[in-house]
Amino acid sequence: IISLRFSKAFTTSELQFKELKETYQAYRGEIIDRVHAEEALNESEKKYRSILNSMEDGYYEVDLAGNLTFANPAFCRHLGYSKEALVGMNNRQYMTEDTAQNVFKTFNEVYRTGKPALASDWETVTKDGTRKFVECSVALIRDSKGQPTGFRGVGRDITERKQIEEALRASKSLFDATGRMARVGGWELDVETLEVRWTEEIYRIHEVPLNQKPSLQEAINFFHPAERERLTQAIQRALDQGEPYDLELRFITAQGRHLWTHTICHPQTQAGKT
């Protein structure tokens, strides 16, 4: 009887030990999985921060009120502030008043729709007062429950591009003014669409309203019928071989006047135009 009781007690103890061991192993496995997940998350976070720190474009994060909560080095360099000085700063403090209003509208739209947005021509003010232009993306930041907590995005400095565009506009205005005084006009042909673009003086010479956008054939038809084939061949050689031409041709204005014109073409391959 004693032997049987001992055996039964021993069997019960074994079962308890087995259950305890299985529970421990399951718990241990869960801990290991959690540790691995945290390690993977930390590694991912390091890579994420490393990418942000090495980016040439600025990256920012703000709360719903527009206060900066994070800025990468490129963003700090753009504005001339240290990271410590920028974090906590409201966007109105480093933007022009008009830009701040546009930012507010963009943030509201992104918050309302949940859809990212791309905004250009935002004017920022650096620490030393210099004004720069940026092109920025805006997207919502959400917490683990899906509730919006702020905004994030990437900003690119487009100041140089804006300066070039302004210089080109000024140059075009000067060219147009000079052309009007000298009765000289300029034209451009897009080889993909075969659309001809004229300066204002060309429109005046041809006596055509400024809102008309002639095709290549329509432009050729302004010339005297006896000149069209010679002009067409010259244009074709310019398109096919990049051969310039310098021709004196008769043309007929929209009002029916017959005039002589000196037309010069120098093919250019930039941006698919000639």
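This briefing describes aromatic pairs and nonpolar cores in the structure above. The model is a predicted one. Seven aromatic pairs occur in the structure, and Tyr60 and Phe75 are among the residues that touch the most other members of the largest nonpolar core.

**Aromatic rings**

- Tyr60 and Phe75 are both buried.
- One aromatic cluster is formed by Tyr60, Phe75 and Tyr94.
- At another ring, that of Phe133, the charged end of Lys162 sits over the ring, 5.1 Å from its centre.

**The largest nonpolar core**

- In soluble globular proteins, nonpolar side chains tend to be buried together.
- The largest nonpolar core has 22 residues, of which Tyr60, Phe75, Leu86 and Trp122 touch the most other members.
- At least two residues of this core come from each of β1, β2 (68-71), α2, α4 (97-113), β3 (117-125) and β4 (131-142).
- Strand β4 supplies the largest share of this core, four residues.

**Contacts of Tyr60**

- Leaving aside residues up to four places away in sequence, Tyr60 touches residues including Leu68, Phe70, Phe75, Phe107, Cys136, Val138, Phe151 and Val154.
- Other residues that Tyr60 touches include Ser137, Arg152 and Gly153.

**A second core**

- A separate second core holds 21 residues, among them Ala238, Tyr245, Leu247 and Leu249.

Technical notes:
Residues are numbered from 1 along each chain as its sequence is written. This is a predicted model: local features need pLDDT of at least 70, side-chain atom pairs count only at pLDDT 80 or more; totals for chains, interfaces and linings use all residues. Side-chain values use heavy atoms; hydrogens and water are left out. Rings of Phe, Tyr and Trp (its six-membered ring) pair if their centres lie within 6.5 Å; planes under 30 degrees apart count as stacked, over 60 as edge-to-face and the rest as tilted. Buried means under 20% relative accessible area, exposed over 50%, partly exposed in between (1.4 Å probe, protein chains only). A charge sits over a ring if NZ of Lys or CZ of Arg is within 6 Å of the ring centre and within 35 degrees of the ring normal. A nonpolar core is a set of buried Ala, Val, Leu, Ile, Met, Phe, Trp, Tyr and Cys residues joined through side-chain atoms within 4.5 Å. Contact means heavy atoms within 4.5 Å.
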